[in-house]
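Subject: Structure for you to look at

Hi,

Here is the structure I promised to hand over. Please open it first, then read my notes below with the view beside you.

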Amino acid sequence: MIAVTINFNSIVKLTDDQFYQLCRENPDVKFERNAKGEIIVMPPTGGETGNYNFEIATDFGIWNRQTKLGICFDSSTCFKLPSGANRSPDVSWIEKSRWDALTTEQKQKFPPIAPDFVLELMSPTDSLKDTQDKMEEYMSNQVKLGWLINRKTRRVEIYRQEQEIEVLECPTELSGEDVLPGFVLNLKTLWQ
């Protein structure tokens, strides 16, 4: 299955509350919305990709519990980005003081904040161009660091604010740099 983009804008432009309600009324469907207001229906991941997503998220969770520097999120969390897009990275992280600045209501719905860090793990059916466009969208919405991991090609693209994309061929680990201090993601099992 591939992601499907639907443009309802000539019929109805969903408000933030209407989009939130659409997602709540259809819990078995994963929706995103781009900055143009188009609805994107995301297919579920397969077992292998789901397992790798879980393992990666576990590493982030353990690091975050130890450092207590921020808040981690899985792929079911949808963020309202400054551009108006609603996106759900596979793994994301927000520095604690930024998260704490949100109201309780903002935290309960789709948080109106760009994560400090995002990770996208490509599934076999994902379009590389669409996923790269999503990574660029994250960067243009104040995300500080992003990793696009492509198991098929064994490549990692590292996105940083106002810098060229760095492409690594089959790296064994990734550093969280100054955004995720002390975090190192071991990638050896991803390439097996």
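Start at the surface. Phe8, Ile11 and Val12 form a nonpolar patch there. Together they have about 290 Å² of accessible area. Keep in mind that this is a predicted model.

Where does Val12 sit? Find the loop between β1 (4-6) and α1 (16-25); Val12 is in it. Its relative accessible area is 37%, so Val12 is partly exposed.

Next, the sheet. In what order do the strands of the open sheet run? The order is β4-β7-β8-β9-β10-β11, which makes 6 strands. Their pairing is mixed. Two strands stand at the edges: β4 (70-74) and β11 (166-169). Each of these has a single partner strand, so one side of each has no neighbour in the sheet. From one strand to the next, the twist averages 15°.

Zoom in on one pair. Strand β7 (residues 91-95) runs antiparallel to strand β8 (residues 117-121), and 3 bridges link them. Try to find Val91: its bridge partner in β8 is Leu119.

Now the charged side chains. Side chains of opposite charge can pair when their charged atoms come close. How many salt bridges does a search of the whole structure find? The search finds 17.

Arg87 lies in strand β6 (residues 86-87), while Glu137 lies in helix α5 (residues 128-140), so the pair ties together parts that are 50 residues apart in sequence. Are these two residues buried or exposed? Arg87 is buried, at 9% relative accessible area. Glu137 also counts as buried, at 12%.

The second pair is Glu105 and Lys109. This salt bridge spans 3.8 Å, N to O. Glu105 counts as exposed, with 52% relative accessibility. Lys109 counts as partly exposed, with 31%.

Arg155 is partly exposed, with a relative accessible area of 34%. Glu169 is exposed, at 55%.

Some salt bridges share partners. Through them, Glu32, Arg87, Glu120, Lys134 and Glu137 join into one network.

Last, the cysteines. A disulfide is a covalent bond between the sulfur atoms of two cysteines. A search of the whole structure finds 0 disulfides. The cut-off is 2.5 Å.

Cys78 is buried, with a relative accessible area of 5%. Cys170 is partly exposed, with 33%.

When you go through the model yourself, begin with the patch of Phe8, Ile11 and Val12. Then trace the sheet from β4 to β11. Finish with the network that includes Arg87 and Glu137.

Best wishes

Definitions and conventions
Residues are numbered from 1 along each chain as its sequence is written. This is a predicted model: local features need pLDDT of at least 70, side-chain atom pairs count only at pLDDT 80 or more; totals for chains, interfaces and linings use all residues. Side-chain values use heavy atoms; hydrogens and water are left out. Buried means under 20% relative accessible area, exposed over 50%, partly exposed in between (1.4 Å probe, protein chains only). Patches are made of residues with over 30% relative accessible area and no salt bridge: like charges are joined within 9 Å, nonpolar side chains (Val, Leu, Ile, Met, Phe, Trp, Tyr) within 5 Å. Accessible areas come from the Shrake-Rupley method with a 1.4 Å probe; for residues, only the protein chains shown count as cover. A salt bridge is a side-chain nitrogen of Lys or Arg within 4 Å of a carboxyl oxygen of Asp or Glu. Helices (H or I, at least four residues) and strands (E, at least two) are DSSP runs, numbered from the N terminus. Two strands pair if DSSP finds at least two bridges between them. Axes are lines fitted to C-alpha atoms, for helices over the stretch in contact, and angles run from 0 to 180 degrees between N-to-C directions.
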